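Please examine the sequence and the three-dimensional structure shown below before reading on.

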There are 2 protein chains.
Amino acid sequence: MRISLIGSGNVATHLGTAFKNAGHRLVQVYSRNIDNAVLLAYHIDAEPIDNLSAVNFETDMFVIAVNDDAIAYVAQQLAPYNKLMVHTSGATDIKVLLALTLDAGVFYPLQTLSKNKEVASAMPICVEGSNEAITLELEQLARSISNHVFCVNSAQRRILHLAAVFACNFPNYLYTIAQRLLAQHDMAFELLCPLILETAQKVQGRLPNEVQTGPAARNDENTMAAHLQMLGNEPQLQELYRLLSQGIIKMDNAGQGHK
Amino acid sequence: MRISLIGSGNVATHLGTAFKNAGHRLVQVYSRNIDNAVLLAYHIDAEPIDNLSAVNFETDMFVIAVNDDAIAYVAQQLAPYNKLMVHTSGATDIKVLLALTLDAGVFYPLQTLSKNKEVASAMPICVEGSNEAITLELEQLARSISNHVFCVNSAQRRILHLAAVFACNFPNYLYTIAQRLLAQHDMAFELLCPLILETAQKVQGRLPNEVQTGPAARNDENTMAAHLQMLGNEPQLQELYRLLSQGIIKMDNAGQGHK
């Protein structure tokens with residue numbers, strides 16, 4: 001396929017590279033900042049542009065990988081070209097594009113992307129098209145770069161995006177709290193790294209409620225009271241500890257967990 | 001070394017197996033439930049007992065791997081044998097043993113152990129002895145079964161145990177919330193598994209505050225407001241979302257995070 005990338009951030013970089021490696025032709029890379037466009041374009045043999053009026057219409061689709069807030073504006077500029085337009089946002093409804101064109105879709109890579117890391121072919125990609133033909137087209141495109149392709153509608157994708165915050169962004173913040181607690185007592189974060197990895201690996205084959213452990217899972221009130229006391233000078237961490245523990249205890253009472 | 005195991009749960013099973021594989025001699029396995037003692041003892045060539053009065057004094061150390069609440073009682077029963085006694089608890093001070101004997105220690109495997117999973121040699125073990133000779137002895141024993149051995153005193157170990165709750169038990173609960181949100185909308189937890197693993201892998205080489213992503217890290221108020229609305233019928237999840245997001249935003253304002 002001939003693909004034009006609108007954006008040059010993490011998502012654009014990963015998708016552009018993956019598309020290139022899969023043999024697709026990258027036509028142009030747009031960024032407001034020409035230097036960013038130049039760098040990405042160089043690596044994927046595309047033409048860099050920093051002005052949407054310079055868009056080449058010899059392309060099959062626009063992949064809009066910009067900040068959520070900018071999607072509607074960018075799509076409006078691109079609508080006159082009458083090409084398939086897809087955005088890559090978990091939190092944005094396909095309707096934003098459907099207001100402008102009938103040929104619209106979503107191509108959402110469900111991953112915590114960092115620019116300097118290779119994209120894994122295990123990265124799930126969720127696609128949605130404005131009609132069956134487009135859904136199929138996007139599914140095929142996704143399969144050319146990933147082994148995990150799912151058709152997910154806009155209502156589901158919103159939930160998925162929220163669930164990903166709980167499964168990814170929030171755990172990372174809890175790692176930060178742990179790291180800070182250790183640092184305050186002259187211990188290296190390294191100590192907890194194997195545990196963190198093991199915790200994530202455990203749920204690759206089993207549901208998380210089946211492998212919950214810890215003081216709250218055992219309803220070990222002495223340990224929980226001691227922990228709350230240790231957090232005495234950090235009321236917000238205490239509140240967080242209490243809320244998370246209560247959730248675990250409730251889960252257990254609901255007969256969904258054990259140990 | 002000649003080692004006697006007091007307990008037959010996850011910790012006893014993993015340590016017993018690792019000790020056996022490293023060439024140590026397991027003398028006895030004690031459990032209140034003789035069947036549990038028999039099963040573990042069978043696998044590590046030890047004698048099963050279900051009564052502490054049947055303890056064989058031809059041993060070098062007792063490894064007390066029972067529930068935290070039972071450590072003091074069990075240690076009291078074993079004190080007359082005048083052997084080195086160590087417990088395996090993250091949350092328990094060495095003082096509990098020091099009240100009964102001068103030869104005491106702690107041998108704390110920092111891992112989320114499941115009975116039916118092989119112990120990894122990457123599992124950190126934290127040791128503490130009542131004197132330097134014992135610390136050294138425990139360090140050597142730990143090195144015979146793990147590449148990651150740390151000397152951690154009781155004050156530090158309490159913090160480490162608390163930090164592990166934040167780094168392991170609480171993230172697993174957040175996975176459960178994510179799984180429930182997906183299930184409510186007919187999506188499989190499988191969708192999030194690569195993301196969860198990637199999130200844990202990211203912090204193996206970098207500090208978590210350096211790789212924080214998500215709506216709160218970007219201070220994306222629209223998305224956070226939308227997420228809170230989606231959680232409208234679950235006030236406790238709303239509160240949790242709010243608290244965790246506030247923590248991430250604060251972290252960012254403190255100049256410790258980015259993106």
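The following paragraphs treat the interface between two chains and then one residue in each of them. The model is a predicted one.

The description begins with the interface. In chain B, 88 residues are in contact with 87 residues of chain A. The area buried between chain B and chain A is about 8400 Å², and carbon and sulfur atoms give 69% of this area. Within chain B, the residues that lose the most area to chain A are B:F166, B:L191 and B:M230; together they account for 8% of what that side buries.

The most is given by α6(B), with 25 residues. By residue type, this side of chain B divides into 50 nonpolar, 26 polar and 12 charged residues.

Attention now turns to the backbone. A:D186 is not a glycine, yet it has a positive phi of about 60°. This residue lies in the loop between α6 (154-184) and α7 (193-202) of chain A. Is A:D186 buried or exposed? A:D186 counts as exposed because its relative accessible area is 71%, and exposed means over 50%.

In chain B, the phi of B:D186 is near 60°, again a positive value in a residue other than glycine. B:D186 is found in the loop between α6 (154-184) and α7 (193-202) of chain B. With a relative accessible area of 70%, B:D186 is exposed.

Terms used:
Residues are numbered from 1 along each chain as its sequence is written. Chains are lettered from A and ligands numbered from 1 in the order in which they are written. This is a predicted model: local features need pLDDT of at least 70, side-chain atom pairs count only at pLDDT 80 or more; totals for chains, interfaces and linings use all residues. Side-chain values use heavy atoms; hydrogens and water are left out. Helices (H or I, at least four residues) and strands (E, at least two) are DSSP runs, numbered from the N terminus. Buried means under 20% relative accessible area, exposed over 50%, partly exposed in between (1.4 Å probe, protein chains only). Contact means heavy atoms within 4.5 Å. Buried area is the accessible area (1.4 Å probe) that two parts lose on being put together, summed over both. Ala, Val, Leu, Ile, Met, Phe, Trp, Tyr, Cys and Pro count as nonpolar, Asp, Glu, Lys and Arg as charged, and the others, Gly among them, as polar.
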